[in-house]
Amino acid sequence: MSGWLTGHGVSAGIAIARAFRLKEPDLAVARRTPADKEAEVRRFECAVEKSRRDLEKVKEQAARELGEDQAAVFAAHLLVLQDPELMDRVKDNILHQGMSAEFALKEAADTFISALESLDNEYMRERSADVRDVAKRVLGHLLGVQVPDLSVIREEVIIVAEDLTPSNTAQLNRKFVKGIITNGGGFTSHSAIMARSMEIPAVAGTQTSLDRIGDGTLLIIDGQEGIVIMNPEQAVVKKYEKKKAAYEEYQAGLAKFAQLPTVSADGCAVRLVANISAPSDADNVLQNGGEGIGLFRTEFLYMGRRQLPTEDEQFAAYKNVLERMKGKPVVIRTLDIGGDKQLPYLNLPKEANPFLGFRAIRLCLKRPDLFRTQLRALLRASTCGNLKITFPMIAALQELRQAKQLLLEEKENLVKAGIAVADKIEVGMMIEVPSSAVMADVFAKEIDFFSIGTNDLIQYTLAADRMNKQVAYLYEPFHPAVLRLLKTVIDAAHKEGKRAAMCGEMAGMEAAIPVLLGMGLDEFSMNASAVLPARKLISQLSKKEIGQSMDQMLQMETAEQVKQFISKHFPIKLG
Amino acid sequence: MMERSFTIIDEAGIHARPASILVQTVSKFSADVNLEFKGKKVNLKSILGVMSLGIPEGAEINISASGEDEAEAIQTITEVLKKEKLAK
């Protein structure tokens, strides 16, 4: 069967190879009472011993191929496997509850999993996945079911799986595994992160790949576009072989930009920084040549849990990211919750227009308890690196002043209590609401920098919800109204000697970069993977030349005219 | 039986990495070693037991050991807690 599948491109690159299906074995457990309880315990111990030998092997393999850091996961698995409380509970289940080894293991593992999941510490909660992985391994041995072993692969393949566990990815041999396709997962799932760090092209979220792709099927995957082609014709293979060679050449050309500053063809320097959602993303930013963090979204600290994060938990996360960035600037945005991001434990009432409602700074100013906790954590972390703070969704001057006042109060409280706080912490605001873009000249006097959040600014300017298919056509970064607002904001910042940064998706768009450079934007914040292509592009553009045609672009009547002008005059593809 | 009390000073509490080191260290001793926090007692040779307590910064914990090498066990645990800057 030939055909196409689409998913999310989660690790760029192209691969052409045959499918290797990773079928998860059926580990269903039926309840039964064993006749000989002692023998049942011995059967369990034997399965544990086999699992221990597997794990020792996988651990060595991981240390060899992925480094000690990745191998540490399996050291943890071994500890779980030897855990006396877990083992005693299983044995007790068998001897005194009359359970089979399989059922006894499942019951004991589930007990510890739910204990870990109930903790209010995200890191600990994630450790429940380790228990799951270990239980699965032992269960496989108990049931005599072959748990698939990826380390035996000795020919070039593309792995097709439901999803990959840490045990799976540790066994991947880069030499033979050319690509990964998963039914589930997304950009931030474990297998996607591993695929990117191993530079293996990957497509996630294909839903039906396991049903539709047979073992040995010839596949092409495009990890950029998120496309899988099954049984391609010769001509298609030829086309992708060319694309693959071009991609590899392009990557090799980009690598040299990692160590270079960002400078336009006419010698103007700008800063390329990255947007992140978790402290651990910082490593990826540095690897991709990012000059700092332009937006650290703090929502992840608040989401997927049952109550607010404590000051110490937040402090640890902020300190972590600042230390990882080793003195490079890190802009942390205070809590931007509400709108499409809800926190069930705040019990906020349902709103008719959440995007025009009680969100971000509006909520924080009404809940000073919550806001002050975050500000204290930020201030305490300020001595650990180069921290800058930005407030989201400022629509009126009063909001900015109130937020700054609270920050000042908390700073004074900490200093009084003898806690060290950095002398000078730059404070900025997000420009997301048209009113603040129009009034940027007034705001510029009271801040150190602007961060323009184009995703919201565009949707508010055109009054179009970009998730609504009926009106998504209106959501247009190149609309002259948007461009004029951006120019107003950037000019207002410069007039006061302040910086203008942008952290919306527009900042990383190949077609928008020339325009933003020409307008004088100082800082572009984007996904880490977009930094090197952007640096290369900027090195080919003359800021002065684009600046000269800026008035002409700002006078255009439609987005189409702007886009045509860009594609005609600048060396970019419009995508 | 020997016992000693500690105050956790690491701001993340006893999290996964130091917990692993602690459990690996304790497992080398033949003595029974327990950790008590807020009236709950767990086997200090059990990584899941230790982690499931979710011990935070500032927690007062009590560690007790009983068996032939109990003195040596308590001594080594004290050293590890200090070396890992976990407790004082």
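Guide: Lys106(A) has a relative accessible area of 39%, so this residue is called partly exposed, the class between buried (under 20%) and exposed (over 50%), taken with a 1.4 Å probe on protein chains only. Please keep in mind that this is a predicted model, in which local features need pLDDT of at least 70, side-chain atom pairs count only at pLDDT 80 or more, and totals for chains, interfaces and linings use all residues. Residues are numbered from 1 along each chain as its sequence is written, chains are lettered from A and ligands numbered from 1 in the order in which they are written, and side-chain values use heavy atoms, with hydrogens and water left out.

Visitor: What makes Asp110(A) and Lys106(A) a salt bridge?
Guide: Their N to O distance is 3.4 Å. The rule asks for a side-chain nitrogen of Lys or Arg within 4 Å of a carboxyl oxygen of Asp or Glu, so the pair qualifies. Both residues sit in helix α4 of chain A, 4 residues apart, about one turn of the helix.

Visitor: Why are Asp336(A) and Arg359(A) called buried?
Guide: Asp336(A) has 2% relative accessibility and Arg359(A) has 3%, so both fall below the cut-off for buried. These two also form a salt bridge, with the closest N and O atoms 3.3 Å apart. Both lie in the loop between β11 (329-333) and α13 (360-366) of chain A, so the bridge ties together parts 23 residues apart in sequence.

Visitor: Why is the pair of Phe296(A) and Tyr318(A) called edge-to-face?
Guide: Their ring centres are 6.3 Å apart and their planes stand at 85°. Rings of Phe, Tyr and Trp (its six-membered ring) pair if their centres lie within 6.5 Å; planes under 30 degrees apart are stacked, over 60 edge-to-face and the rest tilted, so the name follows. Phe296(A) belongs to strand β10 (residues 293-297) and Tyr318(A) to helix α12 of chain A, 22 residues apart.

Visitor: And what makes Phe296(A) and Phe300(A) a tilted pair?
Guide: For these rings the values are 6.0 Å centre to centre and 40° between the planes. Ring pairs link Phe296(A), Phe300(A) and Tyr318(A) into a cluster.

Visitor: How many salt bridges cross the interface of chain A and chain B?
Guide: The rule finds 0 there, while the count over all chains is 37.

Notes: Helices (H or I, at least four residues) and strands (E, at least two) are DSSP runs, numbered from the N terminus.
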